[in-house]
Amino acid sequence: MASASTNRTTYYVPSFIEMFDQTLVTNEALSWFTLVVDGWASFVVAFLGIFTNALTIAVFTRMGFRETVNITMITITFSDMVRVLCGSIHRCYSLIALVSESLGKSWQNISTTNLVYLHTTASNIAYALGSYVAIERCLCVMSSP
């Protein structure tokens, strides 16, 4: 019979990982910081963004669609709404982790890979539209006597 000590598996850990292992902060402190800042604070900011974007869409809709600035601003607001929705759906992992830590981590991993492209596309649309508005306003000012 083989003894229990011969059945142990040893893993190779590169020396640079050992050197940086918990040098600045412990894993527990990093876990709490991530939960509070990335999980809860970002979750609250995302829901505030949903509320304020809905309010902005309502205001610009009430103003009408006669001017191009209103149409552009409502489009920017809509793309920002997509961004904060992606962020709030992703940040649900902090709520799920209260029930099951493994399910919360799974949700974080799955939502990261599935929402990152939509979030990035919505961000780029908002940036491009913001640039368009800036150029349009600049040309209006330059062309006026």
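Phenylalanine 43 and phenylalanine 47 both lie in helix 2 (residues 27-63), where they are four residues apart, about one turn of the helix; helices here are DSSP runs of H or I of at least four residues, strands are runs of E of at least two, and both are numbered from the N terminus. The model is a predicted one, in which local features need pLDDT of at least 70 and side-chain atom pairs count only at pLDDT 80 or more, whereas totals for chains, interfaces and linings use all residues. Residues are numbered from 1 along each chain as its sequence is written, and side-chain values use heavy atoms, with hydrogens and water left out.

A search of the whole structure for aromatic pairs (rings of Phe, Tyr and Trp, the last by its six-membered ring, with centres within 6.5 Å) finds one. This pair is formed by phenylalanine 43 and phenylalanine 47, at 4.9 Å centre to centre and with 80° between the planes. The arrangement is edge-to-face, a class that applies to planes over 60 degrees apart, those under 30 being stacked and the rest tilted. Phenylalanine 43 is buried, with a relative accessible area of 10%, while phenylalanine 47, at 44%, is partly exposed; buried means under 20% relative accessible area, exposed over 50%, and partly exposed in between, with a 1.4 Å probe and protein chains only. Of the 145 residues in the protein, 24% are buried.

The secondary structure comes to five helices and zero strands, and the elements run α-α-α-α-α from the N terminus on. Helix 3 (residues 68-90) packs with helix 5 (residues 101-143) at an angle of about 160°, their axes being 8 Å apart; axes are lines fitted to C-alpha atoms over the stretch in contact, and angles run from 0 to 180 degrees between N-to-C directions. The two helices, helix 3 and helix 5, are therefore roughly antiparallel to each other, a term for angles over 145 degrees, as against under 35 for roughly parallel, 65 to 115 for roughly perpendicular and oblique for the rest.

The structure holds zero disulfides, a disulfide being a pair of cysteine sulfur atoms within 2.5 Å. Cysteine 138 is in no disulfide, and the nearest cysteine sulfur, that of cysteine 140, is 9.3 Å away. Cysteine 138 is partly exposed, with a relative accessible area of 40%, and cysteine 140 likewise counts as partly exposed, at 37% relative accessibility.
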